[in-house]
Amino acid sequence: MLKKIARVILKIAIWFIAISIFSVLFFRFVPVPFTPLMLIRCVEQKADGKEMKLSKDWVSLEKISSAMPLAVIAAEDQKFEEHFGFDLEAIKKAENYNKKHQGKKMKGASTISQQTAKNVFLWPNRSWIRKGFEVYFTFLIEIFWSKQRIMEVYLNVIEMGDGIYGVEAAAQEYFHKPASKLSVREAALIAAILPSPLKWSPVKPNARVQKKAARIMHFISRLKLEDF
């Protein structure tokens, strides 16, 4: 009986690894059509009696303003080009902060690679099981995708508002222009709302968003990244 169970578990593991690697290789070249979060948000909208909204428009990295990758790097992951999916220093700082501020909102340290893996392949949840899968898929995309591809996918699938996914949809919704025409300030404002895209707005920024956007613009002026 135990041998049968072990064989079933082994088969499931082999199939999972094979399918996951195939999926990562497939999306290295093919645009991601939708993500689990997009489907979940549509169900939530329907359950709340709202009109279903899903605005997205895939564009290549070449058709996105160069300010936008720099803005999200400045806002979310300043060591994006250096690390292999995980910022160990940021993780340590987050752990120390959370120990000192127990009972308050937990501080995260997810890199752009981790967020991309989570958005494309997983569901939004804070369980250790989901985190384990996130680590696995982060390693896979770091192995099989270039940093440019990770950034391209990230900027096309990230939630940027209510029913708004990706920078092209965000640029059209908020600033009535294509992503290729975004200014440094507009890119900084979009990047500044990413922690809470359903609460904050780049066109009606509160003091917190304005302060963060100013900090992002300052970092952009200092960044020297050849790949973006």
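**Close-up views of a predicted model**

In helix α3, the buried residues are Ala67, Met68, Pro69, Leu70, Ala71, Val72, Ile73 and Ala74, where buried means under 20% relative accessible area (1.4 Å probe, protein chains only) and helices are DSSP runs (H or I, at least four residues) numbered from the N terminus. The model is predicted, so local features need pLDDT of at least 70 and side-chain atom pairs count only at pLDDT 80 or more, whereas totals for chains, interfaces and linings use all residues. Residues are numbered from 1 along each chain as its sequence is written, and side-chain values use heavy atoms, with hydrogens and water left out.

**View 1. Contact of α9 with α10.** Val184, Arg185, Ala188, Leu189, Ala191 and Ala192 of α9 meet Val209, Lys212, Ala213, Ile216, Met217 and Ile220 of α10; contact means heavy atoms within 4.5 Å. The residues of this contact comprise 10 nonpolar, no polar and two charged, with Ala, Val, Leu, Ile, Met, Phe, Trp, Tyr, Cys and Pro counted as nonpolar, Asp, Glu, Lys and Arg as charged, and the others, Gly among them, as polar.

**View 2. Setting of Thr111.** Thr111 lies in the loop between α4 (88-100) and α5 (112-121). Thr111 is buried, with a relative accessible area of 1%. Beyond its neighbours within four places in sequence, Thr111 is in contact with Asp77, His83, Gly85, Phe86 and Asp87. A polar atom of the Thr111 side chain lies 2.6 Å from the backbone oxygen of Gly85.

Conventions: Helix = DSSP H or I, 4+ residues; strand = E, 2+ residues; numbered from the N terminus. Buried < 20%, exposed > 50% of the residue type's maximum accessible area, 1.4 Å probe, protein only. Polar contact = N/O pair within 3.5 Å; in protein donor to acceptor, adjacent residues only side chain to side chain.
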